[in-house]
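Q: Please take a close look at the aromatic pairs in this structure. How are the rings set against each other, and which parts do they tie together?

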Amino acid sequence: MLNYHEMLEKQIAENDAAGVKPKLLLHCCCAPCSSYCLEFLNGHFDITCYFYNPNITDADEYLHRLNELKRFVFCVYSGAFEVIDGGFDPEAFIKNAAGKEDLPEGGERCFGCYRMRLSAACDYAEAHGFDFFATTLTISPHKNAEKLNEIGFSLEKGRAVKYLPGDFKKKGGYARSIQLSKEYGLYRQNYCGCEFSARAAELRDAAKNAGIDK
């Protein structure tokens with residue numbers, strides 16, 4: 001298995017040695033996940049945050065997560081990073097998930113969702129002259145970093161923008177994101193945003209409560 005975190009560190013070292021600061025479109029799923037990713041990448045890239053998450057099918061939840069990302073960027077970086085709203089688009093997710101509704105979390109339905117979000121980021125990055133695109137999704141221990149990077153590399157083929165690999169959970173990245181979330185009082189959700197993950201979270205909570213009651 002490839003070490004995607006080492007690949008990221010190597011790219012950063014090459015950039016720094018060459019004295020360049022490439023333009024990076026960072027697909028952001030939420031403020032907590034973005035917190036450490038931005039901290040790690042800051043100074044090495046000219047970063048723009050891209051919030052495109054059609055898996056979030058509730059409008060209020062979508063706005064809450066988007067506004068938390070904006071608040072974090074403003075509080076910590078004085079708004080130095082632009083936050084692009086890719087648009088509330090639950091119909092796209094529902095269409096993408098058709099026929100996969102009964103599949104378990106972390107399987108093909110999720111992989112299709114990864115591709116949909118990364119594809120949108122790739123398209124936007126290429127259309128607006130970015131050098132790289134990347135995603136914060138790999139920081140989550142619940143997301144398949146191998147599949148995310150595989151999709152990212154497949155999307156860059158024949159394009160004028162490159163995929164920046166990574167596995168942000170490595171070397172304490174996930175723990176640091178939790179620390180930053182507590183420090184800045186960030187809203188941490190217990191599901192990815194779609195109705196399927198919400199249902200799975202409810203079942204987990206019910207099982208946990210049942211265990212406590214015993």
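A: The structure holds 14 aromatic pairs. Rings of Phe, Tyr and Trp (its six-membered ring) pair if their centres lie within 6.5 Å; planes under 30 degrees apart count as stacked, over 60 as edge-to-face and the rest as tilted. This is a predicted model, where local features need pLDDT of at least 70, side-chain atom pairs count only at pLDDT 80 or more, and totals for chains, interfaces and linings use all residues. Numbering runs from 1 along each chain as its sequence is written, and side-chain values use heavy atoms, with hydrogens and water left out.

Take Phe72 and Tyr184. Their ring centres are 5.6 Å apart and their planes stand at 85 degrees, so the pair is edge-to-face. Phe72 lies in helix H3 (residues 59-77) and Tyr184 in the loop between helix H7 (173-183) and H8, so the pair ties together parts 112 residues apart in sequence. Helices (H or I, at least four residues) and strands (E, at least two) are DSSP runs, numbered from the N terminus. Phe72 counts as buried at 2% relative accessibility. Tyr184 is partly exposed, at 28%. Buried means under 20% relative accessible area, exposed over 50%, partly exposed in between (1.4 Å probe, protein chains only).

Next come Phe153 and Tyr163. Their ring centres lie 5.2 Å apart with planes at 80 degrees, so this pair is edge-to-face. Phe153 sits in helix H6 (residues 145-156) and Tyr163 in strand E5 (residues 162-163), so the pair ties together parts ten residues apart in sequence. Phe153 is partly exposed at 24%; Tyr163 is buried at 4%.

Back to Phe72 and Tyr184: with Tyr77 and Phe81, they form one aromatic cluster.
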